[in-house]
Amino acid sequence: MFSRYAFRCAQPLRQSARQYSTEAPKGKSLAPVYLTVGLAGLGVGLYRYQSSAATAETPKERSKVFTGGDQGWVGLKLSDTEILSHNTKRLRFEFEDKEAVSGLHVASALLTKFTPAGAEKPVIRPYTPTSDEDQPGYLELVVKQYPNGPMSEHIHSMNVDQRLEFKGPLPKYPWEANKHNHICLVAGGTGITPMYQLAREIFKNPDDKTKVTLVFGNVKEEDILLKKEFQDLENTYPQRFRAFYVLDNPPQGWTGGKGYISKELLKTVLPEPKEDNIKIFVCGPPGMYKAISGPKVSPKDQGELSGILQELGYSKDQVYKF
């Protein structure tokens, strides 16, 4: 059973009106489809097609856009944008082959690249797509624009039909069903995207019974990314998924946590270190890493565990830093 937390947010977040840079095709929604499809737990790259007789299904393997290794950069065309908040957009990049899938697996990410005018070197930044890995024809990024953030500013300035260079996938934490009994996702800001990738993979697989606890810190209420998607998971799987939100500057009437993600909060809502087969994932800005778990040394070196999680008695093997 999950621990109770007095500050748990009970009120829904106000959703901004959807604004697209191009008109959506009639009868089709640009909203993420991963919460309503893909629940059959199909393997990556395998998809079911109903035969012309409508009585049998034939598996078909789709080609993958990103194959890793010595594959070079792949330019993808921006096809649609959606404004999520004053500084956040969801952007859809389409594949040349509309039947292809990204080739990403859980958990993995992609590099993005562009060269500013007059610059000698390109800007390269990693992003974790928020669209389902099984989604054919396109991938989606949720990108928050940061002041003096060259990549986020460039992506926000892009117009439909412009291209962005991608490369990957970059493997992160290899997931398989029921790898852990209970996982905890401690995120800040845009660090939520790999957490959502992992949670989505767990809950779309009916054979995966993993429990998930999310602790998500932000500055303001409008900064909470993917709130609706997590609310849908919580409503659908109330015995297995719980979410706790913390704001630095909460609005009047806010019933969630206030301030920073604290030792007291984590002690209350996370499973105890002595529990069997648990894993805590951390992703956020440098200051959050320093306070919660200590920083990574490099993509291949997790570094030593420090901060709040070390003080609470968790071991290095129980924590993974995205």
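Six strands form an open, antiparallel sheet in the order 6-5-8-3-4-7, where strands are DSSP runs of E with at least two residues, helices are runs of H or I with at least four, and both are numbered from the N terminus. Two strands count as paired if DSSP finds at least two bridges between them. This is a predicted model, in which local features need pLDDT of at least 70, side-chain atom pairs count only at pLDDT 80 or more, and totals for chains, interfaces and linings use all residues. Residues are numbered from 1 along each chain as its sequence is written, and side-chain values use heavy atoms, with hydrogens and water left out.

**The antiparallel sheet**

- Strand 6 (123-127) and strand 7 (138-144) are the edges; each has a single partner strand, so one side of each has no neighbour in the sheet.
- On average, neighbouring strands of this sheet are turned by 40 degrees against each other, direction ignored; axes are lines fitted to C-alpha atoms, for helices over the stretch in contact, and angles run from 0 to 180 degrees between N-to-C directions.
- Strand 5 (residues 108-114) runs antiparallel to strand 6 and is joined to it by 5 bridges, with leucine 110 opposite tyrosine 127.
- Helix 1 (residues 150-157) packs on this sheet, and its direction makes about 80 degrees with that of strand 6; contact here means heavy atoms within 4.5 Å.

- Another 6 strands form an open sheet with parallel pairing, in the order 12-11-10-9-13-14.
- Helix 2 (residues 192-204) lies across strands 9, 10, 11 and 13, at about 155 degrees to strand 9.

**The largest pocket**

- Its volume is about 1,300 Å³, taken as the space filled by probe spheres set on grid points joined across faces, edges and corners.
- A pocket is an open set of points on a 1 Å grid over the protein atoms alone, where a 1.4 Å probe fits, with protein on both sides within 12 Å along at least five of seven lines; lining residues have an atom within 4 Å of a point.
- Of its 48 lining residues, Tyr146, Thr190, Gly191, Gly284 and Pro285 lie nearest the centre.
- Helix 5 gives the most to this lining, with 6 residues.
- Domain 1 (74-171) and domain 2 (182-321) both contribute lining residues, so the pocket lies between them; the domain bounds come from an automatic or database assignment.
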